[in-house]
Amino acid sequence: MNEIKILSLTKDYIRKTFLDEGTGHDYFHIERVVVNAKKIVEKEKANAFLVELAAWVHDVGDYKLHGGIDKSEELIREFLTSIEVDEKTINKVIEIVSQVSFSKGNIPTSIEAEIVQDADRLDAIGAVGIARCFAYGGSTGSVLYNPENKTKNSSSIQHFYDKLFTLKDLINTKTAKVIAEERHQYMENFIQEFYREVEP
């Protein structure tokens, strides 16, 4: 099967599977990651097909969507096999996806993995990142803000310090670093305004 057809079928599958997902890992998040990845790959030397395919499936089987159990390899392999993607490509995509997640802490071993990781992290910061932070917090029952508890995972605001503010310095590619700087500054401004409004 040709690459264009594979990408088209994958996009359709992701749309059907993730359209109504409510934690901030929905179809439109994945679509934005794909857009980010394609922008980055225009300026970085990489296999554009592998980058786009891995970007489309990077949240398939994610532990956050499966009760804390990571089913990425199982579900990605199952889907890509069903649309007759060759075994070599499937293995490469699974390897890329395994290196994307922030929580796993894996270091990318290819430029393709660096790009998909950057593309995903860019969608976790800036204005969209702020919106996704509160969407995810709401979906898990996290409080918005508790000034008396600043321990890890204690509130959506604390998540900025636990994760979001760290992402800028974890970006791999030059292209993504430029975008990340601007989005990071937007979050800094938001937090300053947030404290101005809530603190006496």
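Visitor: Let's start with A37. Is A37 buried or exposed?

Guide: A37 counts as buried, because its relative accessibility is 0%. Buried means under 20% relative accessible area, exposed means over 50%, and partly exposed lies in between (1.4 Å probe, protein chains only).

Visitor: Before we go on, what kind of model is this?

Guide: It is a predicted model: local features need pLDDT of at least 70, side-chain atom pairs count only at pLDDT 80 or more, and totals for chains, interfaces and linings use all residues. Residues are numbered from 1 along each chain as its sequence is written, and side-chain values use heavy atoms, with hydrogens and water left out.

Visitor: Back to A37. Where does A37 lie?

Guide: A37 lies in helix α2. Helices are DSSP runs (H or I, at least four residues), as are strands (E, at least two), numbered from the N terminus.

Visitor: What is A37 in contact with?

Guide: Leave aside neighbours within four places in sequence. Then A37 is in contact with V51, A55, I115 and A119. Contact means heavy atoms within 4.5 Å.

Visitor: And how far apart are A37 and A48?

Guide: They are eleven residues apart in sequence. In space, the C-alpha to C-alpha distance is 8.8 Å.

Visitor: How do α2 and α3 cross?

Guide: Helix α2 covers residues 27–41, and helix α3 covers residues 48–57. Their axes come within 8 Å and cross at roughly 160°. That makes α2 roughly antiparallel to α3.

Visitor: What do the axes and angle words stand for?

Guide: Axes are lines fitted to C-alpha atoms, for helices over the stretch in contact, and angles run from 0 to 180 degrees between N-to-C directions. Angles under 35 degrees count as roughly parallel, over 145 as roughly antiparallel, 65 to 115 as roughly perpendicular, and the rest as oblique.

Visitor: Which residues of α2 and α3 meet?

Guide: From α2 come Y27, I30, E31, V33, V34, A37, K38 and V41. They meet A48, V51, E52, A55 and W56 in α3. By class, this contact of α2 with α3 has ten nonpolar, no polar and three charged residues. Here Ala, Val, Leu, Ile, Met, Phe, Trp, Tyr, Cys and Pro count as nonpolar, Asp, Glu, Lys and Arg as charged, and the others, Gly among them, as polar.

Visitor: Stay with α3. Why is α3 described as largely enclosed?

Guide: Nine of its ten residues are buried, so α3 is largely enclosed by the rest of the structure. The buried ones are F49, L50, V51, E52, L53, A54, A55, W56 and V57. Their cover includes α1 (3–18), α2, α4, α5 and α6 (111–122).

Visitor: How do α3 and α5 pack?

Guide: They pack at an angle of about 60°, with their axes 9 Å apart. That makes α3 oblique to α5. F49, L50, L53, A54 and V57 of α3 make the contact with T89, K92, V93, I96 and V97 of α5. Eight of the residues in this contact are nonpolar, one is polar and one is charged.

Visitor: Switching to the core. Which residues touch the most other members?

Guide: I76, L80, V93 and F160 do, in the largest nonpolar core of 53 residues. α3 gives the most to this core, with eight residues. A nonpolar core is a set of buried Ala, Val, Leu, Ile, Met, Phe, Trp, Tyr and Cys residues joined through side-chain atoms within 4.5 Å.

Visitor: What does I76 touch?

Guide: Not counting residues up to four places away in sequence, I76 touches V57, V60, V93, I94 and V97.

Visitor: New topic: E84. What is its phi?

Guide: E84 has a positive phi of about 65°, although it is not a glycine. Most residues other than glycine have a negative phi. E84 is found in the loop between α4 (72–82) and α5 (87–98). E84 is exposed, with a relative accessible area of 60%.

Visitor: And what about N153?

Guide: N153 also has a positive phi of about 65° and is not a glycine. N153 sits in the loop between α7 (126–140) and α8. Its relative accessible area is 60%, so N153 is exposed.

Visitor: Last one. Is Q158 buried or exposed?

Guide: Q158 counts as buried, at 11% relative accessibility. Q158 is found in helix α8 (residues 156–162). Not counting residues up to four places away in sequence, Q158 touches K150, T151, K152 and N153.
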